[in-house]
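Open the structure in your viewer and keep the selection tool at hand.

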Amino acid sequence: MPSRVTEGRPFPLGATWDGLGVNFALFSVHATKVELCIFDSVGEVEIERIALPEYTDEIWHGYLPDARPGTVYGYRVYGPYDPGNGHRFNHNKMVLDPYAKAFVGNLIWDDSLFGYTLGHADGDLSFDERDSAPYMPKCRVVDTAYTWGRDRRPEIPWEKTIFYETHVKGYTQLHPAIPPELRGTYAGLSHTAVIEYIKSLGITSIELLPIHFFVDDKYLLDKGLINYWGYNTLGFFAPDPRYSATDRIEEFKEMVARFHDAGIEVILDVVYNHTPEGNEMGPTLCFKGIDNKTYYKMYHENNRYYVNDTGCGNTVDLSHGRVIQLVTDSLRYWVEEMHVDGFRFDLATILGREAWGGFNENGAFLNSIRQDPVLSRVKLIAEPWDIGLGGYQVGRFAPGWAEWNDTYRDTVREYWRGDSGKLPELASRLTGSGDIFNRLGRKPWSAVNFVTAHDGFCLHDLVSYNEKHNWDNGEENRDGANDNASWNHGAEGPTDDPHIRALRERTKRNFLATLLFSQGTPLILAGDELGRTQRGNNNTYCQDNELNWVDWENITDDGKSLMEFTRRLIWLRQTFPVLRRNRFYTGEYNEEFGVKDVTWLNPGGGEMPMEAWLDGNSRCLGIMFDGRAQATGVKRKGTDVTVLIVINAHHDIVSFKLPPAVGGAQWQLFVDTNQPQQVSPLLFDFDHIYDVTGRSLLLFALKQEGNMPGNDIVRQAEKFIEEIAETPIAIAVPDIDEPNDGNGSGGATGLNRKRSILGHLARASVGSTASMAASIGNLKEETDSPTSPLASEGETTGDSGEGKAEAST
């Protein structure tokens, strides 16, 4: 019996359950007819085709009063097949709803997926009549209703934000505390053990590699590989089911709610710049078969061919109003329905490219975001480049946006490698890259600083390899960047040489300390703090295996030490406000207050003279951030603690004279990357000559005279260091006495299990001081912080205040 159908409404787009039936609405300017295809519950048998009866304002629509959530569907769209004029309609190809919120099944690569006949003499100008539905995933109607209860967005201030980039599967697949059936899933990522660990580090915002529904490239599957990273989005509204343990979108919502409950934001890496449909020789899966000429950019002189500013075959046309609507609707859905806290936009220059092809920071899409009452309030992060003409746009996005700062990455890598002439540029990077971002009222947080990310070497490999080793990718080591500004410290890859290993560990600490003590927003690649390796592969996009999975059960002693050291760095950043000012440091003298916000010092303790900046052999520098400097636009002297950072990329010891500071009495050492085992802060008088170990970094805080406000911060630091020394992160095996509910999950939900990689910490923190019980994620007060001591690690020693340093490696 045919389904009942009425006219329905042209809005909202997609399949919408209203409690009585389902409204279907599909945009297409050039289509002549649209059929709704209804399938059985698993998407294998087509049950019925229904022509959408109405066409209003470029929207085809109809209403099925008998349809319910769970209905499986797709579309067949009729229209001209005229590639020369940009039209590629082929009703033999079932296409997906761009607004689908859930999917059933997987894409099975087959020749019938292509709108033309593969191998035909006319190529993409030919027309293929085979039905593609048996090989296509299908869309599923969902009921978006969900009880969020007391969920509240953490709303971490930008200046306190610390991003932690990770992958749902890679982070959880080998986690011993997560039940096997939950590993690699949203439920696994929200397991108590995972959230406790991330929270204990002091991370405020977890940034997930793409979780939108995506497909695996055929050429990768043919080689036994997959698109592991997921930068191949086909469904902009649906969480990918491969990461679901329950095949319910509620699982993703529960994950977000659990992170929010811990005070941690959830940021999504999103891909709106291209789709898996490729160029003119690619398959017809969705947009190409619905309205190719609208969704994609094509060359004006010949609409048969696609503009490829992405390197992926096509470019989504974000200058078209309906495409802008699609993307902004998608973003709002993830904010309002899924409660995510922000987005990192892959190849974001595409978002600002106008119809004429060039980038415009006030382009249609970017302006639509700025004025949107929902989207303008969440975190927006741009990867500010693409491969098109004029694609590199770092620092040129509009106010309100943060941007990945690859200039920071390159400068910091080159400096710690020992490259000459890097001090002037390093000074700019340490102070928020004001030469790039200080315009139009933008703040230092606009610069998202990173040393490593998913794309490239991880931190361990950055200090262990001079060359990439990507042979596992099946491209004869041709893929991936050749210039990584890396240094293996004397041996390529693994080595038993204790001197090389010690130096590598110190360099890791240097990188992390530099990152977390720089102005701007730091981003840490998950697993770097544990010493995770990719065995020299700097392009692991296709490796769904141990190259990308965090090996929680085999963390080395060096990895444990680095983890504790990272916790301490994060905590110090959050404790000392001068390390994360919401105002650019300029080095200008404020006559009214008699203060210079930042002073650059040479090893003699005096201000850096011009000749020292110009000396390419200079590799040691002191940076004094004055806590008395004006902190905001209000003309008021600051009351923060003054901090001194000393960095030395020279291979040998440099004797550094600790400078006097107004209102101070002594310098208190909180970090020496050559002495990671140091727990109790050490005091040094002004003019003390500190022997700075070669390739190391120091952080001092000023011990002020009398009862000055800055002393409160220093005392707080001392107190927390004592407390965290008593509660180390315990890397433990799962509790053996865990009760089981019969499905291997232990407990009613499987998400509240006792067994935890941080089980000792979780139990030890119960009943401890209020400062330790405070949520790291709830950074509304300066007292909120992670808690951990530094694990012991034997290395060459620098100045401990008791004599000269021993020679370093």
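A cavity here is a set of grid points where a 1.4 Å probe fits but cannot get out, and its volume is the space filled by probe spheres set on the points. The model you are looking at is predicted.

**Stop 1: the cavities**

By this rule there are 10 cavities of 30 Å³ or more. Begin with the largest cavity, which holds about 150 Å³ of space. Select Thr166, His167, Leu525, Arg532 and Asn548: of its 16 lining residues, these are the closest to the centre. Now colour strand S12 (163-166) and helix H1 (168-172), the elements that each give two or more residues to this lining. By class, the lining of the largest cavity has 7 nonpolar, 7 polar and 2 charged residues.

Move to the second largest cavity, with about 100 Å³ of space. Select Pro239, Pro241, Asp247, Arg248 and Ile249, which lie nearest its centre among 13 lining residues. What classes of residue make up the lining of the second largest cavity? They are 7 nonpolar, 1 polar and 5 charged.

**Stop 2: a bridge between strands**

Side chains of opposite charge can pair when their charged atoms come close. The whole structure has 44 salt bridges. Select Arg76 and Glu46: the closest N and O atoms of this salt bridge are 3.2 Å apart. The pair links distant parts of the chain, with Arg76 in strand S7 (residues 72-78) and Glu46 in strand S4 (residues 46-51), 30 residues apart. Is Arg76 buried or exposed? Arg76 counts as buried because its relative accessibility is 1%, under the 20% cut-off. Glu46 is partly exposed, at 25%.

Together with Arg76 and Glu46, they are linked in a network of salt bridges.

**Stop 3: two bridges within helices**

Go to helix H14 (residues 557-575), where Glu564 and Arg567 lie 3 residues apart, about one turn of the helix. Their side chains meet in a salt bridge, 3.7 Å from N to O. Glu564 is buried, with a relative accessible area of 3%. Arg567 is buried too, with 1%.

Finish in helix H16 (residues 709-725). Select Arg715 and Asp712, whose side chains meet in a salt bridge of 2.4 Å, N to O. This pair is separated by about one helical turn, because Arg715 and Asp712 are 3 residues apart in helix H16. Arg715 is partly exposed, at 38% relative accessibility. Asp712 is also partly exposed, at 43%.

Terms used
Residues are numbered from 1 along each chain as its sequence is written. This is a predicted model: local features need pLDDT of at least 70, side-chain atom pairs count only at pLDDT 80 or more; totals for chains, interfaces and linings use all residues. Side-chain values use heavy atoms; hydrogens and water are left out. On a 1 Å grid over the protein atoms alone, a cavity is a set of points where a 1.4 Å probe fits but cannot get out, and a pocket is an open set with protein on both sides within 12 Å along at least five of seven lines; lining residues have an atom within 4 Å of a point. Helices (H or I, at least four residues) and strands (E, at least two) are DSSP runs, numbered from the N terminus. Ala, Val, Leu, Ile, Met, Phe, Trp, Tyr, Cys and Pro count as nonpolar, Asp, Glu, Lys and Arg as charged, and the others, Gly among them, as polar. A salt bridge is a side-chain nitrogen of Lys or Arg within 4 Å of a carboxyl oxygen of Asp or Glu. Buried means under 20% relative accessible area, exposed over 50%, partly exposed in between (1.4 Å probe, protein chains only).
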